[in-house]
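This report describes selected features of one protein chain. Please keep the sequence and the structure in view while reading.

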Amino acid sequence: MKTSIATVSISGDLREKLEAIAAAGFDGVEIFENDFLAYDRSPRDVAAMVADLGLTITLFQPFRDLEGLPEPQRSQAFERAERKFDLMGELGTELMLVCSSVSPLALGGIDRAAADLRELGERAARRNLRVGYEALAWGRHVNDHRDAWEIVRRADHANIGIILDSFHTLARGIDPDSIRSIPGDRIFIVQLADAPRIDMDLLYWSRHFRNMPGEGDLDVTGFMRAVAATGYDGPVSLEIFNDQFRSGSPRTIAADGHRSLVYLMDQVRHSEPDIALDVPLLPPRVDVRGVAFVEFAADEAEALALAGHLRRLGFRLTGRHRTKAVERFTQGDINVVINTEREGLAHSAYLTHGTSAYALGLMVDDAAATVDRARALGAQMFSQRVGPDQLSIPAIRGIGGGVIYFLDEKSPLGRVWDVEFDSVDDPAPSRDAGLRRVDHVAQTMNYEEMLTWILFYRSIFVAEKSPMVDVVDPSGLVRSQVIENASGSLRLTLNGAESHRTLAGHFIAETFGSSIQHLAFASDDIFATADALRSNGMKTLEISPNYYSDLQARLGIGADMLERLRAANILYDRDAGGEFFQLYSTNVGEGFFFEVVQRAGEYRGYGAVNAPFRIAAQKRSLTPASMPRQ
């Protein structure tokens, strides 16, 4: 499989773009004409730079408004094409994209367009070049790949083929299975892009909101399955127009792009096993069985304070690492680890971010296969020195710089607590609060990073994304999206901050980067849990009494239930599937917090309707900026 990406997809000047594309592992690049025109080196210099980076130029694009023009505009268009052919010769590329005309002067008619393309094919053939014709979704007369193919078929020239673009097909709601009737050797290149479903002008949607396959809502997999069924074996390329990407890190966006193509084609290979494209063989996506542990980095003083928070939540100290300054706290199936080592990644994480949940352990069926898949998708591997009587736990670096460890039951990894830890009796035990498991892990990042996180998780794990939700903070909006599997054993809430004045933005600023901002633990009886927390001396987040008055009016809750909710500072939501109860700890440091939830029935949400009231209460309890920290 030959992978490619258009230079318009990422930020930077042409050199920066090409270097990022090569570093991400692409084989080829589409040169977008404006990127070349804005660069101050000659075509031959660019060709040499591309070759030195180990790339090939898969396509020169775009050439606009060729077919169907009256004279003298028709002759002028062909003269323009000859000049572009000259440039392609110097660049060392042999394929040019011609997109369907949007010119108000263009005349309709499939035969007229086919005749123009046939003449262009004759001119290209004299130079050993090829031309691909693409139907723009907003083309004046041709906006459907089926019409574009009929024009190419009637042109009947070996140097004229069709270029297929997933956005142009899927944005118009055209059935991609209609592609299956096109001969694979007549498809000259395939361009791919996803996008969120938005009801807006097609051109504006295309120019500003495209994203990588797997990040949006379009059926790019179905589109590529249809292409693969034709026998096509040429480049698989990305053409992404996105405002965030244009201002983001070119290396990060290029890496996302390559990951998206590997992930996409892995899905296609499983559903279309006889395809001609040579697709790498990956282990299947990973089904996460649950959160095995969450690990905090801290110093000795802050570890004591964190341990106090955990005890008030009903956790008990149950283990100490035999060779490291690491303690294990447990309750139900939940394991929380506090690491106060003075070396290694945990110590580096503490120095950078302060006390933080820097590592996550996930239970999977096969830890080694999970890491193999992650490696094939471009994830950064993580390892550090392993001492005697310690396990080498497979791990990768997360997008925010933290670590994700993988455990399984088929190897000694499932016995890590017995192998590496001594059991201890907690010298200051607290009352069990009935917390049973990790319900979800909430990670906070800058909004422009969210698509990267979504693609990272979806490409490795069996999980899907929920629709985006706007969470109203008193100081701005936070975009929230959930990654979860069907069983609920993996639930990750991703919260993208657009302003440093929001609670999420404050957390990022104070902890110097994206990280886990809160952990939600599941209880089977949140009222009993609230009683236990109170007896353990835990202070819960105080919710405005106005919230409960509105709750009664909005949902018609009975007086007795309302008083129980109010007395325990429990927030409530319900939908057609069931009910949801939430209570929160006060802030731990600069914005980290714990949550306790109870799900009743088939409730699948996260209480988004309650978020503004929770955030307002949390912001009231933050240390004022004018006061020194203790």
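Strand β25 covers residues 593-601, and it runs parallel to strand β22 (residues 515-523), to which 5 bridges join it.

Strand β24 (residues 578-584) also pairs with β25, but here the two strands run antiparallel and are joined by 7 bridges. Within this pairing, glutamate 579 has alanine 600 of β25 as its bridge partner. Strand β25 is mostly covered, with 7 of its 9 residues buried.

## Helix α21

Helix α21 spans residues 611-621, and its buried residues are Ala611, Arg614, Ile615, Ala616, Ala617 and Gln618.

## Serine 466

Strand β19 is also one end of a loop: serine 466 lies between β18 (464-465) and β19. Is serine 466 buried or exposed? Its relative accessibility is 18%, and the limit for a buried residue is under 20%, so serine 466 counts as buried. When its neighbours within four places in sequence are left aside, serine 466 is in contact with Gln481 and Val482.

## The closed barrel

Eight strands, in the order β1-β2-β3-β4-β5-β6-β7-β8, form a closed barrel of 8 strands with parallel pairing. From one strand to the next, the twist averages 30 degrees. One of these pairings joins strand β7 (residues 187-192) to strand β8 (residues 236-238) in the parallel sense, over 3 bridges. In it, leucine 192 stands opposite leucine 238 of β8.

Helix α4 (residues 73-91) lies across β3 (56-63), β4 (95-99) and β5 (130-134), and it runs at about 160 degrees to β3. Helix α6 (residues 145-155) lies across β5 and β6 (160-165), running at about 170 degrees to β6.

## Aromatic rings

A pair of aromatic rings is described by two values, the distance of the centres and the angle of the planes. The model contains 21 aromatic pairs. One of them is formed by phenylalanine 293 and tryptophan 417, whose rings are 5.8 Å apart centre to centre, with 85 degrees between the planes, an edge-to-face arrangement. Phenylalanine 293 belongs to strand β9 (residues 290-297) and tryptophan 417 to helix α15 (residues 416-420), so the pair ties together parts that are 124 residues apart in sequence.

Both phenylalanine 293 and tryptophan 417 are buried. Together with Phe382, Tyr405 and Phe421, these two residues form one aromatic cluster.

## Charges over rings

The charged end of arginine 130 sits over the ring of phenylalanine 188, at 4.3 Å from its centre. Arginine 479 lies over the face of tyrosine 447, and here the distance from the ring centre is 5.9 Å.

## Confidence in the model

How confident is the prediction, and what is the mean pLDDT of the protein chain? The mean pLDDT is 95, and 99% of the residues reach 70 or more. Over residues 625-630, however, the pLDDT is below 50. Beyond near neighbours in sequence, this stretch has 2 contacts in the model.

Terms used:
Residues are numbered from 1 along each chain as its sequence is written. This is a predicted model: local features need pLDDT of at least 70, side-chain atom pairs count only at pLDDT 80 or more; totals for chains, interfaces and linings use all residues. Side-chain values use heavy atoms; hydrogens and water are left out. Buried means under 20% relative accessible area, exposed over 50%, partly exposed in between (1.4 Å probe, protein chains only). Helices (H or I, at least four residues) and strands (E, at least two) are DSSP runs, numbered from the N terminus. Two strands pair if DSSP finds at least two bridges between them. Rings of Phe, Tyr and Trp (its six-membered ring) pair if their centres lie within 6.5 Å; planes under 30 degrees apart count as stacked, over 60 as edge-to-face and the rest as tilted. A charge sits over a ring if NZ of Lys or CZ of Arg is within 6 Å of the ring centre and within 35 degrees of the ring normal. Axes are lines fitted to C-alpha atoms, for helices over the stretch in contact, and angles run from 0 to 180 degrees between N-to-C directions. Contact means heavy atoms within 4.5 Å. pLDDT is the predictor's confidence in each residue, from 0 to 100.
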